[in-house]
Amino acid sequence: DSIIPGLESGKFELGMSSFTINPERLQVVDVVSYFVAGTAWAVPVDNPSDVSPDSACGKKVAVQKATVQVDDITARSEECLTGGESEITIDQYTLQTDATTAVVSGKDDAMLADSPVVAYAVKQTGGQLELVGDSYDDAPYGIAVPKDDPDFAAAVQGAPLAPQLGWIVLVLLGGALVAVPMWRAPQGLTA
């Protein structure tokens with residue numbers, strides 16, 4: 001919630017997170033596309049609560065606050081009620097790691113997040129979580145830069161990619177290089 005306002009105020013020169021490119025963001029920052037991802041779900045291994053993206057009514061689902069997944073799970077919960085089923089209990093967490101922990105600990109039945117975030121959580125939990133269903137609503141991720149600085153946006157766009165290493169390498173101001181991990185998910189990288 002603070003990265004884009006930080007770009008607008010001049011606190012940051014570049015912002016990188018799981019920023020999907022959308023019209024609202026493009027009104028306040030310029031965005032350089034580098035990755036395509038969607039929403040994915042994870043459950044405890046063997047899916048003991050039998051949850052899927054299309055059958056989560058009456059289940060407890062973890063999600064990080066201020067993400068597109070909050071709107072997604074809220075709409076799914078409303079569909080449950082419209083269909084005469086129990087609503088989804090939506091547990092929102094400030095940190096994605098807390099949402100992941102809630103599922104691993106059994107507090108929540110499932111979680112949803114951006115697909116590379118879920119893939120990373122599955123990997124980091126060492127076999128305690130597994131993906132369920134397919135990724136959906138794929139959209140481009142972008143690196144946010146201050147509005148109306150086309151030279152900087154062009155420099156970021158032209159930065160070399162090193163997908164064989166699972167990293168994006170960015171050329172920042174002054175020629176300094178910063179490597180940002182992409183959790184070994186180069187299939188979503190865009191050139």
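Is D114 buried or exposed? I looked it up: D114 is buried, with a relative accessible area of 9%. My cut-offs are under 20% relative accessible area for buried, over 50% for exposed, and partly exposed in between, with a 1.4 Å probe and protein chains only.

**Entry 1: ground rules.** I am working on a predicted model, where local features need pLDDT of at least 70, side-chain atom pairs count only at pLDDT 80 or more, and totals for chains, interfaces and linings use all residues. Residues are numbered from 1 along each chain as its sequence is written, and side-chain values use heavy atoms, with hydrogens and water left out.

**Entry 2: the sheet.** I started with the strands. I take helices (H or I, at least four residues) and strands (E, at least two) as DSSP runs, numbered from the N terminus. Two strands pair if DSSP finds at least two bridges between them. I find five strands in an open sheet, ordered β3-β2-β4-β1-β5. The pairing is mixed. From one strand to the next, the twist averages 20°.

I then checked one pairing. β2 (residues 60-64) and β4 (residues 110-114) run parallel and share two bridges. V61 stands opposite A110 in β4.

Entry 3: Which strands does α3 lie across? Helix α3 (residues 68-82) lies across β1 (29-44), β2, β3, β4 and β5. Its direction is at about 135° to β4. Helix α4 (residues 96-104) also lies across β1, β2, β3, β4 and β5, but at about 150° to β4. For these angles, axes are lines fitted to C-alpha atoms, for helices over the stretch in contact, and values run from 0 to 180 degrees between N-to-C directions. Contact means heavy atoms within 4.5 Å.

**Entry 4: helix α6.** Which residues of α6 are buried? In α6 (residues 150-157), I list F152, A153 and V156 as buried. Seen down the axis, they fall within an arc of 100°, so they line one face of the helix. I take that arc from the directions between the helix axis and the C-beta atoms. P150 and D151, on the other side of α6, are exposed. The cover over the buried residues includes β1 and β5.

**Entry 5: the disulfide.** I searched for cysteine sulfur atoms within 2.5 Å, which is my definition of a disulfide. The count comes to one. C57 and C80 form it, with sulfur atoms 2.0 Å apart. The link is left-handed, with -90° about the S-S bond. It joins distant parts of the chain: C57 sits in the loop between β1 and β2, C80 in helix α3, 23 residues apart. C57 is partly exposed at 22% relative accessibility. C80 is buried at 4%.

**Entry 6: aromatic pairs.** I pair rings of Phe, Tyr and Trp (its six-membered ring) if their centres lie within 6.5 Å; planes under 30 degrees apart are stacked, over 60 edge-to-face, the rest tilted. How many aromatic pairs does the whole structure hold? The search finds three. Y34 and F35 make a tilted pair, 6.3 Å centre to centre with 40° between the planes. F35 and Y141 make another tilted pair, at 5.5 Å and 35°. F35 lies in β1 and Y141 in β5, so this pair ties together parts 106 residues apart in sequence. Y34, F35 and Y141 form one aromatic cluster. I checked burial next. Y34 is buried at 5% relative accessible area, F35 is buried at 3%, and Y141 is buried too.

Entry 7: D114 is found in strand β4. Leaving aside neighbours within four places in sequence, I find D114 in contact with S18, G38, A40, V68, Q69 and Y141. D114 and D137 are 23 residues apart in sequence and 9.8 Å apart in space, C-alpha to C-alpha.

Where is Q96 found? Q96 is in helix α4. Q96 is buried, with a relative accessible area of 12%. With neighbours within four places in sequence set aside, Q96 is in contact with Q64, M111, A113 and V117.
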